[in-house]
Amino acid sequence: MTRKPRQIHLKYAEKRDVVFFFGAGASVAAGIPLQEDILREALSQSRVRDSQAGRELIRFLQRFFALNRRLYPMPSLEDVFAFLDYFISRNEHLDSVYSVSQLRKIQECFVRIIHYTIGQRRTNNASTHRAFWDVVGVTNRNVSIVSLNYDSVLEAAFGLYPEHAYIDYCINLLNYDYEEVPAFYWWINPREPVPRFGEENPVPIKILKLHGSLDWKFCRACRGVLLTPWSTEIDLEQGAFFSPPGDDILPSELLCPVDGCRFETLILPPSYIKDLRNPVVSTIGSEIEQEIRIAKKVVLIGYSLPDADIHLRALFAKSLSRDTQVVVVNPDNCDALQARYACLAQRVSFLNHTFESFVLSESLGDILKGTGA
């Protein structure tokens with residue numbers, strides 16, 4: 001007779017020893033393209049160019065951003081989304097062709113293409129992320145992670161479950177309702193009693209994805225999120241998600257188990273005008289604010305604090321204590337980057353490391369022990 005593991009309540013420490021912020025530079029080692037390369041990579045794929053979404057986007061970029069003209073560079077994602085957001089936020093037509101509804105369609109097409117471009121990349125090298133969790137596991141698990149990336153490499157590499165730690169996304173996932181969701185999608189809620197395996201006392205670790213995630217499916221009716229950790233792809237033509245096929249069974253469209261509505265992608269596009277009213281995004285923003293407030297150290301990895309992330313600057317300005325030590329891990333700590341961070345905090349130090357070299361060096365362990373930087 002197999003004995004069931006006993007249930008325990010996971011508890012957070014009153015203070016957080018380290019809050020890590022993962023920027024795009026932390027995902028490069030796993031083969032995820034930088035934001036500045038996403039549009040170029042997307043348009044280099046014939047499947048994107050030949051899709052309805054791709055054709056709509058290309059026509060728009062050719063007309064208003066001089067796409068494919070040799071004298072002009074590839075437009076940035078921030079510029080394109082800010083241009084779209086300007087007219088959409090004012091409920092104003094651009095011209096006789098691009099009405100507000102058409103601009104919304106272009107915006108949706110662009111988000112879908114970004115999701116497709118990143119989601120269909122096979123991240124076959126998550127060794128650096130696994131090494132990161134290994135160091136955390138043996139050194140200090142009183143940490144939180146703020147990921148500003150759409151990919152799920154960090155979570156896929158999580159090797160501390162179940163004996164050492166449980167992931168807490170800090171949102172109410174549909175996966176917690178075992179009566180409504182198929183067993184394939186069940187997920188343990190770390191804020192309720194969880195099984196304890198072995199002699200180790202597991203802890204909850206927050207992973208806060210402020211800009212959304214490719215493996216989050218959002219229902220606009222019930223405003224619930226279904227976590228699909230083994231599926232980050234999207235149908236380029238329909239914008240639909242599909243459940244994984246069983247033996248000799250064709251994949252079926254994934255619909256919300258609560259109300260049957262079609263799921264939407266939940267990623268916050270890079271724009272100077274960000275809509276933070278989504279209840280999931282606002283909840284995560286509040287959690288990040290609290291984590292910054294109770295942090296002893298804040299470590300930013302591969303993150304350049306871009307102008308489009310004014311919402312992050314606001315959170316730091318509001319919540320960061322003068323006593324909190326800030327460590328910036330970046331292989332290019334130029335004067336401009338240092339000036340941006342100097343405006344945020346008084347105690348800022350810089351480490352000239354890529355994410356990979358940072359994890360492989362003694363710096364990560366020293367920071368977790370409270371002795372480094």
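In the predicted model, helix 3 and helix 5 cross with a left-handed sense. Helix 3 covers residues 52-64 and helix 5 covers residues 100-119; the two pack at an angle of about 115 degrees, and their axes lie 9 Å apart. On the helix 3 side, the residues that take part are A53, G54, E56, L57 and F60. Their counterparts in helix 5 are Q102, L103, K105, I106, C109, F110, R112 and I113.

A165 belongs to strand 4, which spans residues 165-168. The relative accessible area of A165 is 0%, and this residue is therefore classed as buried, the cut-off for that class being under 20%. Beyond its neighbours within four places in sequence, A165 contacts F158, L160, P202, V203 and I205.

A nonpolar patch on the surface is formed by Y86, Y272 and I273. Together, these three residues have about 290 Å² of accessible area. One of them, Y86, is located in helix 4, which runs over residues 77-89. Y86 has a relative accessibility of 38% and so counts as partly exposed, because that class lies between the limits of 20% for buried and 50% for exposed residues.

Key:
Residues numbered from 1 in each chain as written. Predicted model: local features only at pLDDT ≥ 70, side-chain atom pairs only at ≥ 80, totals over all residues. Heavy atoms only, no water. Patch = residues over 30% accessible without salt bridge, like charges linked within 9 Å, V, L, I, M, F, W, Y side chains within 5 Å. Areas by Shrake-Rupley, 256 points an atom, 1.4 Å probe, with all protein chains shown as cover. Salt bridge = Lys/Arg side-chain N within 4 Å of Asp/Glu carboxyl O. Helix = DSSP H or I, 4+ residues; strand = E, 2+ residues; numbered from the N terminus. Buried < 20%, exposed > 50% of the residue type's maximum accessible area, 1.4 Å probe, protein only. Axes fitted to C-alpha atoms, helices over the stretch in contact; angles between N-to-C directions. Left-handed = near helix turned anticlockwise from the far one by under 90°. Contact = heavy atoms within 4.5 Å.
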